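Here are my notes on the chain contacts, in the order I'd go through them. Have the model open while you read.

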Protein chains: 4
Amino acid sequence: MGPYEHEIPIRVRYCETDAMGFLHHANFLCLFEMGRTELFRAQGGDYRKMEEGGHFFVVVEMNVKYRVPARFDDLLSLRTRVVRVTPAKLEHEYKLTRDGVTIAEAQSVLACVDREGRVRRISDVIPELTEMRPRHPIERPA
Amino acid sequence: MGPYEHEIPIRVRYCETDAMGFLHHANFLCLFEMGRTELFRAQGGDYRKMEEGGHFFVVVEMNVKYRVPARFDDLLSLRTRVVRVTPAKLEHEYKLTRDGVTIAEAQSVLACVDREGRVRRISDVIPELTEMRPRHPIERPA
Amino acid sequence: MGPYEHEIPIRVRYCETDAMGFLHHANFLCLFEMGRTELFRAQGGDYRKMEEGGHFFVVVEMNVKYRVPARFDDLLSLRTRVVRVTPAKLEHEYKLTRDGVTIAEAQSVLACVDREGRVRRISDVIPELTEMRPRHPIERPA
Amino acid sequence: MGPYEHEIPIRVRYCETDAMGFLHHANFLCLFEMGRTELFRAQGGDYRKMEEGGHFFVVVEMNVKYRVPARFDDLLSLRTRVVRVTPAKLEHEYKLTRDGVTIAEAQSVLACVDREGRVRRISDVIPELTEMRPRHPIERPA
């Protein structure tokens, strides 16, 4: 099993900005999704193959705190961590920064379902994950 | 068979704007897609049911001329017309206006494929469409 | 001052779906933004004019619980309510439903800033809002 | 002056897919925009600084031919070239490929405007560009 956390660089695209000149707040969720994908890849996983095999991770909860705006062409860094694994749910935390300044913090909960939308036990789909325990106790952003 | 053309009102969303304060040029394609969906509905069709039945219309060509910028909260009007139907392709034209001023004009070509991506004859999927002939000869935007 | 809550119909667009066939979870935030815009309009306000006047509402917090997936062409109903107004922040709640079934619930916090990004007192920008009090005590979704 | 063309890798994001499982056709325009930004950067330019200086490039025409669908997590390659520079317009061509297979080809026309939307001479904004001549005569995709 690979690492519990992973960091990726992200360049803000023009089409992701809004009329205020900021990275639009909805687009942060797309970045967090990239963070999950790349963390899973770094762990040796492959979301696409998992979906081809009939297992899907759906977001059931998302909580974001936006601290400082980001702008077009900003080079951001996104750190994604798995912080909890239960039989039915997978919890991630995210920290998006620019030159060490926190842009946003977030936390999400995912559930695993099959093609028919039935909830699946994560331990049946990714057995390795159920042995994961976060290295540090993590507090939800206050 | 219903009408060859259809007009819908569209309010520009904040998340569709960009840092210039304009409706971002990529989002026009989403509006044109809505125009096709609503035209097909006005004709008695149902894109969703068609997809559930295993037939998909994929965009194979899109040509857009952007005339005047649109902004957040602008109330636009989109006119969508079917202008040509061949055994394998379906051609639409679009005119997006605000208070009579042309914001953009576009033209698209769609092909019909099945779940495996194989091209299907449109006449097999929507027999009524193949009898359609545009009421007015239409020129591509110069 | 107009109503504290407002309901709008929303048709799921094709471009808003993802490879699971669902309304992508990031796009919910665009719908909530529409809800705020239309609630403000129903109250006699105009976000665009407010921005032209140099006042901007930025999202500082967003919490979403996704209950049931939505799909292309679903006709949803979004109810948006102002639930708290403090000198510096504006809190909304959202409930997105389809035929009475809850698709998602959410809660957001907005702050008001000027062109330079400085926090402004909401009472200076929209005096009427500061007199608002929610009609019902609202609990955050559990 | 830097190169006339530039190539960048692009990983298809989940949020960019649609219910067919394909990279949605509107999102290609966001990728092409990234291609222009990175080509300009490779030439020593900086779109963001240019905008801060009050000059904006707006898309006035976009023509795309979609050849083969792309899917989530596909690693694509985008080649962007400047193919024509006139006093008022800038023309680019794009080729998006996956493992050598052409996914899409496109061509766009941009105009330069100031904050008030008035057309500006490109030679006044980026003098170096007006001396550019494409290395190969380029045909528009047939």
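How many salt bridges does the rule find across the interface of chain A and chain D?

1. Six salt bridges turn up across the A–D interface, a salt bridge being a Lys or Arg side-chain nitrogen within 4 Å of a carboxyl oxygen of Asp or Glu. One of them joins Arg13(D) to Glu16(A), with the closest N and O atoms 2.6 Å apart.

2. Before going on, some ground rules. This is a predicted model, where local features need pLDDT of at least 70, side-chain atom pairs count only at pLDDT 80 or more, and totals for chains, interfaces and linings use all residues. Residues are numbered from 1 along each chain as its sequence is written, chains are lettered from A in the order in which they are written, and side-chain values use heavy atoms, with hydrogens and water left out.

3. Back to A–D. Chain A and chain D each put 20 residues into the contact (heavy atoms within 4.5 Å). Together they bury about 1800 Å², 46% of it on carbon and sulfur atoms; that is accessible area (1.4 Å probe) lost on putting the two parts together, summed over both. Arg13(A), Arg48(A) and Phe72(A) supply 35% of what chain A buries here, more than any other three residues.

4. By class, chain A's side of that contact has seven nonpolar, one polar and 12 charged residues (Asp, Glu, Lys and Arg count as charged; Ala, Val, Leu, Ile, Met, Phe, Trp, Tyr, Cys and Pro as nonpolar; the others, Gly among them, as polar).

5. The C–A interface takes 21 residues from chain C and 21 residues from chain A. The buried area is about 1800 Å², with 59% on carbon and sulfur atoms. Met20(C), His25(C) and Tyr66(C) supply 27% of chain C's part, more than any other three residues.

6. Two salt bridges are counted between chain C and chain A; Glu61(C) and Lys65(A) form a salt bridge, with the closest N and O atoms 3.0 Å apart.

7. Finally, strand E2 (residues 55-66) of chain A pairs antiparallel with E2(C) over five bridges. Strands here are DSSP E runs of at least two residues, numbered from the N terminus, and pairing needs at least two DSSP bridges. Within E2(C), Val64(C) is the bridge partner of Met62(A).

Terms used:
Helix = DSSP H or I, 4+ residues; strand = E, 2+ residues; numbered from the N terminus.
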